Amino acid sequence: MKNPIGPFILSMLFLITFLLISNYAYGKTKSQWLNENPCMIKSITTSVTKDGVTTVTKEEVLKCKDGYDGPSYWELFAQFYYADLTVPAYCRMYARPDHPFKTPGMICLNEKGVWEKE
């Protein structure tokens, strides 16, 4: 007499093998995800004990795989205030609720530090 569980186990083995192969073929690996998202936020928790009091601090730092973690405040300051004439003006979009089509407007900072509508 044949074992009735044998074909069931064989079919489950084929199904699991198929799922593993398809997951490998179509799934994203960690390196693909890092290539698409080169920067991630890293949580750093530190604890300092001083005079019997423990202080725990948690900070979130942006870390990029190429080592450049974005411009600092002073880099942005220098780019804005000490740029030459080829750099476009510093502009922002603002809401215009009274406009007939409710489209946003553009406001730019001129050389004197005054915001003007475009």
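User: What makes strands β1 and β2 count as a pair?
Analyst: Please keep in mind that this is a predicted model. Strand β1, residues 39–50, and β2 are joined by 12 bridges in the antiparallel sense. Two strands pair if there are at least two bridges between them, so β1 and β2 qualify. Thr49 gives you a place to look: it stands opposite Thr54 in β2.

User: How many residues lie between β1 and β2 in their hairpin, and which residue in the turn has a positive phi?
Analyst: There are 2 residues between the strands, and Asp51 in the turn has a positive phi of about 55°.

User: Which strands make up the open sheet, and in what order?
Analyst: The open sheet has 3 strands in the order β3-β4-β5, and their pairing is antiparallel. β3 (90–94) and β5 stand at the edges because each has a single partner strand, which leaves one side of each without a neighbour in the sheet. On average, neighbouring strands of this sheet are turned by 30° against each other, direction ignored.

User: How do you know that β4 and β5 pair, and how many bridges do they have?
Analyst: β4 and β5 share 3 antiparallel bridges. The rule asks for at least two, so β4 and β5 count as paired. β3 and β4 pass as well, so they are also a pair, with 5 antiparallel bridges.

User: Which residues can I click on to see these pairings, starting with the partner of Cys91 in β4?
Analyst: The bridge partner of Cys91 is Cys108. Cys108 also stands opposite Glu116 in β5. Another place to look is Arg92, which stands opposite Ile107 in β4.

User: Where is Glu111 found, and what makes Glu111 buried or exposed?
Analyst: Glu111 sits in the loop between β4 (105–109) and β5 (115–117). Its relative accessibility is 79%; the cut-off for exposed is over 50%, so Glu111 counts as exposed.

User: In which helix does Phe8 lie, and why is Phe8 called buried or exposed?
Analyst: Phe8 is part of helix α1, residues 5–26. Its relative accessible area is 52%, and exposed means over 50%, so Phe8 is called exposed.

User: Which residues form the nonpolar patch on the surface?
Analyst: The patch consists of Ile5, Phe8, Ile9, Met12, Leu15, Phe18 and Leu19, with about 710 Å² of accessible area together. Nonpolar side chains are joined into a patch within 5 Å.

User: And the whole protein chain: what share of its residues count as buried?
Analyst: Of 118 residues, 3% count as buried; the cut-off is under 20% relative accessible area. The chain exposes about 11,100 Å², with 63% supplied by carbon and sulfur atoms. It has 3 helices and 5 strands, running α-α-β-β-α-β-β-β from the N terminus.

How values were computed:
Residues are numbered from 1 along each chain as its sequence is written. This is a predicted model: local features need pLDDT of at least 70, side-chain atom pairs count only at pLDDT 80 or more; totals for chains, interfaces and linings use all residues. Side-chain values use heavy atoms; hydrogens and water are left out. Patches are made of residues with over 30% relative accessible area and no salt bridge: like charges are joined within 9 Å, nonpolar side chains (Val, Leu, Ile, Met, Phe, Trp, Tyr) within 5 Å. Accessible areas come from the Shrake-Rupley method with a 1.4 Å probe; for residues, only the protein chains shown count as cover. A salt bridge is a side-chain nitrogen of Lys or Arg within 4 Å of a carboxyl oxygen of Asp or Glu. Helices (H or I, at least four residues) and strands (E, at least two) are DSSP runs, numbered from the N terminus. Buried means under 20% relative accessible area, exposed over 50%, partly exposed in between (1.4 Å probe, protein chains only). Axes are lines fitted to C-alpha atoms, for helices over the stretch in contact, and angles run from 0 to 180 degrees between N-to-C directions.
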